[in-house]
Structure formats: C-alpha cells, structure tokens
Amino acid sequence: MTKKPSLPPRDARLLWKLFVSTLVISSFTFGGGYVIVNFMKRKYVDELHWITEQEMMDYIALSQSSPGPIAVNASILVGWHVAGFWGMLAAVLGTVLPPLVILSVISYMYSLFVGNPYVSLVMRGMKAGVAAVILDVVFTMARRVLKQRSIVHTLLMAGAFIAAFFFKVNVMYIILSAAAAGLLLALLQRRRGHGSAV
Amino acid sequence: MALLYKLFVSFFQVGLFSIGGGYAAMPLIQNQVVDTHAWLSLSEFADLVIIAEMTPGPIALNAASFVGIRVAGIPGALVATFGNVLPPMLIVSLLAFIYRKYREMNALKSVLGTLRPAVTALIASAGVSILMLALFGGGPRVMANFQWLEAALFAGAFLLLRVKKPNPILVMLLCGALSLAVGVL
C-alpha cells in the first residue's frame with residue numbers, strides 16, 4: 001500500500017490538536033451523546049474544516065447505530081478521518097480522560113457523604129426526579145416507535161419490557177433477540193419481493 | 001487480579017451491547033453492576049445515574065470510573081474504562097473502514113429498526129425500577145411503604161418535563177431541594 005499524498009501527515013501537532021479538542025468537548029458537554037455530536041460538528045466542520053457536512057452526518061448516524069457511547073464512537077470516526085490510527089487513539093484518549101478524572105474524584109467523595117442525613121434527603125428527592133427524566137425520554141422514544149404503526153415493532157417493545165422488568169431476562173439476550181428479529185424480518189422481506197420491500 | 005478481570009469483562013459487555021447512545025447503556029450497567037456482580041445496590045445505582053446526569057461525559061464511562069474506583073481503586077477505574085471503549089474501538093474502526101470504501105449506510109439503518117423498540121423497552125424497565133425505588137424506599141411494594149413526597153415530586157417533575165421541557169438537571173436539583181426542605185422543616 002502506498003501512502004496517498006492527500007492523507008494528513010501523522011505529525012504531533014495534529015494529534016495534539018485532536019486530543020485537546022476532544023478533551024475540551026468531553027469536559028464541557030452535559031447531557032450525553034446527542035449534545036456532544038453537535039459540538040463536534042461545530043468544531044470539526046464549521047471551525048477546523050477537517051470534515052465535510054455530509055461526512056459528519058454519516059459519522060453521527062454511524063455513531064448512533066454502533067455499540068458503545070456515542071461520544072466515543074464519534075471521536076473514533078473523526079480520529080481515523082483526520083490522522084489514521086494514532087488520530088483515533090488521541091481522540092479516544094481525549095474523550096475518555098475527563099469522565100475518568102471527574103467520576104473518580106466523585107466516587108471518593110460519595111463514600112464520604114453517603115451517610116450524611118441531609119445528603120441522603122437530597123438524594124431521595126433526586127431519585128424521584130431522575131426517574132421522571134428517564135421516563136420522559138422513554139415516552140418520547142416509545143411514541144416514535146408507535147408512530148411507525150408496525151405491529152412487529154410494537155409487540156417487540158411490549159415483549160422486551162415484560163421480559164426485562166417482570167421476568168428479569170438478561171438484557172443482553174433481549175438485545176440479541178431483537179437484532180435477530182431484525183435480520184429475519186429483512187430476509188423475509190427480501191424473499192417476498194425485491195422492489196416492494198423496505 | 002481476578003477482580004480487575006471481572007471489571008474489564010463486565011464493562012466490555014456494556015460497551016458491546018449498548019447500541020443507540022443516550023440511556024441505552026443504563027439497563028446494561030444495571031444488569032452487570034447490580035444484578036450480576038452486586039458491586040452497587042439499586043439505590044447506589046440510582047445515585048450513580050443522578051451523578052452521571054449532572055456531570056459531563058457518557059453514562060457508561062461515568063459508571064466505569066465510579067464503579068471501578070469503588071471496587072478496585074484507580075486500576076479498577078482504568079480497566080473498566082478501557083473495557084468499555086475497546087468494543088467500539090474495534091467495531092467502529094471496522095465500520096469506518098467499510099464506510100470509506102463503500103459509503104453505504106442503508107444496511108446499518110435497517111438493523112437499527114428492530115433494535116430501537118427493544119432498547120426503548122429496556123430503558124423503560126430500568127427507569128421503572130428506579131421509580132419503584134423512589135416510591136417504596138427500596139422496601140416491599142406495599143401501601144405502608146409508599147412515599148407520598150417522592151410520588152408528588154415524581155408526578156410534578158414528569159409533568160413539568162412533558163409540558164415545559166426544562167433542563168433535566170434543573171428539575172432534579174429542584175426535586176432534591178424540595179425533599180431537603182420538607183425533611184428539615
């Protein structure tokens with residue numbers, strides 16, 4: 001394999017820039033993956049022009065449909081794009097470091113504060129709050145599934161909930177079954193006819 | 001050493017099976033950390049979700065460090081974090097290669113179709129178990145254990161989120177402050 005001249009050079013300054021940018025994005029974005037990819041688009045497409053708009057859209061879609069945290073997946077893709085293997089490593093390292101440091105500190109403090117009666121009062125109220133936050137997200141997601149008016153998807157959602165909550169079926173089996181169902185469905189549709197499927 | 005290996009394998013599984021981002025990793029973390037290994041109680045897990053919500057970074061990485069430190073100190077946090085990012089580093093790198101070669105996205109989108117309802121259900125299951133914890137204080141689900149204050153806070157917070165769509169962190173802080181105020185007064 002010959003190196004194409006269009007490939008960015010593997011120089012230290014580029015790697016450093018990549019590392020610092022993912023470090024900053026990971027340190028200051030609250031609210032999970034969807035927010036982070038937005039910041040990435042602004043940084044890498046609009047500001048640094050490392051990636052085209054269309055490529056970033058595809059990278060975001062890829063990040064959301066691959067295993068692992070969205071922020072990590074997006075930095076893997078951007079890292080490869082900008083500076084190959086070492087770029088990928090630098091980008092992942094930048095993304096991983098802030099939560100590693102912040103949560104390690106919090107984990108130590110948590111063991112100090114967990115017995116405090118005032119802290120546990122606050123945490124009790126916040127548990128009700130976080131349950132509301134999660135179920136609010138679930139409502140929005142479930143509505144999107146129901147809107148597709150697909151009997152298979154609706155049954156799958158109901159079945160997965162019953163299996164997980166009432167029968168305590170291992171989460172990994174449920175995900176594997178859902179993926180298998182998806183493959184089976186795709187195969188059936190292909191058999192029924194090429195044009196009309198999907 | 002055996003403990004570090006267990007941490008690595010656990011978070012490797014979380015990384016491998018959490019597809020769809022956001023809260024998708026939450027039921028898997030609960031499965032590994034609470035149900036399988038009992039590294040955290042359900043109540044501590046709920047605290048972890050609260051902390052993850054209020055700090056930057058993906059919930060799976062937050063959980064990896066939080067649990068890793070508690071179980072095996074700094075080496076634990078490092079090993080769990082590495083375990084969590086290794087599956088995407090392998091799989092997403094492969095996808096990056098395929099994407100550059102073929103620029104084909106449709107196959108991926110069709111696989112996502114049936115995963116989304118299942119992931120939604122799993123997040124719902126994890127959310128309901130935290131709700132039950134809040135409503136019954138971790139005890140048996142009988143009326144005698146019912147926590148009226150938490151129920152009111154949940155109902156109020158949920159309505160507020162559905163109708164006004166405020167920042168979730170603010171809603172949680174408000175719930176914490178109200179609980180403290182009622183408890184102290």
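Angles under 35 degrees count as roughly parallel, over 145 as roughly antiparallel, 65 to 115 as roughly perpendicular and the rest as oblique. This is a predicted model, in which local features need pLDDT of at least 70 and side-chain atom pairs count only at pLDDT 80 or more, while totals for chains, interfaces and linings use all residues. Residues are numbered from 1 along each chain as its sequence is written, and chains are lettered from A and ligands numbered from 1 in the order in which they are written.

**Exercise 1. Describe how H6(A) and H7(A) pack**.

Step 1. Two packed helices are described by the angle between their axes and the distance between the axes. Axes here are lines fitted to C-alpha atoms, for helices over the stretch in contact, and angles run from 0 to 180 degrees between N-to-C directions. Helices (H or I, at least four residues) and strands (E, at least two) are DSSP runs, numbered from the N terminus.

Step 2. The axes of H6(A) and H7(A) cross at roughly 165° and come within 10 Å. The two helices are therefore roughly antiparallel to each other.

Step 3. H6(A) and H7(A) make a right-handed crossing. A crossing is left-handed if the near helix is turned anticlockwise from the far one by less than a right angle, and right-handed if clockwise.

Step 4. From H6(A), the residues Val152(A), Leu156(A), Ala160(A), Ala163(A) and Ala164(A) meet Val171(A), Ile174(A), Ala178(A), Ala181(A) and Leu185(A) of H7(A). By class, this contact of H6(A) with H7(A) has ten nonpolar, no polar and no charged residues. (Ala, Val, Leu, Ile, Met, Phe, Trp, Tyr, Cys and Pro count as nonpolar, Asp, Glu, Lys and Arg as charged, and the others, Gly among them, as polar.)

**Exercise 2. Find out which helix of chain A gives the most to the side that touches chain B**.

Step 1. The contact takes 85 residues from chain B and 77 residues from chain A. Two residues are in contact if their C-beta atoms, placed from the backbone, lie within 7 Å.

Step 2. On the chain A side, several helices each supply at least two residues, among them H1 (12–28), H4 (70–113) and H7 (171–192). H5(A) gives the most, with 22 residues.

Step 3. Sorted by class, the side of chain A that touches chain B has 56 nonpolar, 17 polar and four charged residues.

**Exercise 3. Describe two helix pairs that join chain A to chain B: H4(A) with H4(B)****, and H5(A) with H6(B)**.

Step 1. H4(A) and H4(B), which covers residues 59–102, have axes 10 Å apart and pack at an angle of about 165°. They are therefore roughly antiparallel to each other, and H4(A) passes H4(B) in a right-handed crossing. Their contact has 22 nonpolar, seven polar and one charged residues.

Step 2. For H5(A) and H6(B), residues 148–164, the angle is about 35° and the axes are 8 Å apart. This crossing of H5(A) and H6(B) is right-handed.

Step 3. The residues that meet include Arg124(A) and Asp136(A) in H5(A), and Glu150(B) and Arg162(B) in H6(B). The contact of H5(A) with H6(B) has ten nonpolar, two polar and four charged residues.

**Exercise 4. Is Asn73(A) buried or exposed?**

Step 1. Asn73(A) is found in helix H4 of chain A.

Step 2. A residue is buried if 20 or more other C-beta atoms lie within 10 Å of its own, exposed if 12 or fewer, and partly exposed in between, with C-beta atoms placed from the backbone. Asn73(A) counts as buried because it has 32 C-beta neighbours inside 10 Å.

Step 3. Beyond its neighbours within four places in sequence, Asn73(A) is in contact with Ser63(A), Ser66(A), Gly68(A), Pro88(B) and Val92(B).

**Exercise 5. Where in chain A is confidence lowest and highest among the helices?**

Step 1. pLDDT is the predictor's confidence in each residue, from 0 to 100. Chain A averages a pLDDT of 86.

Step 2. Confidence is lowest in H2(A), at a mean of 79, and highest in H6(A), at 94.

Step 3. Over residues 1–7 of chain A, pLDDT stays under 50. Where pLDDT is low, the predicted coordinates should not be read in detail.
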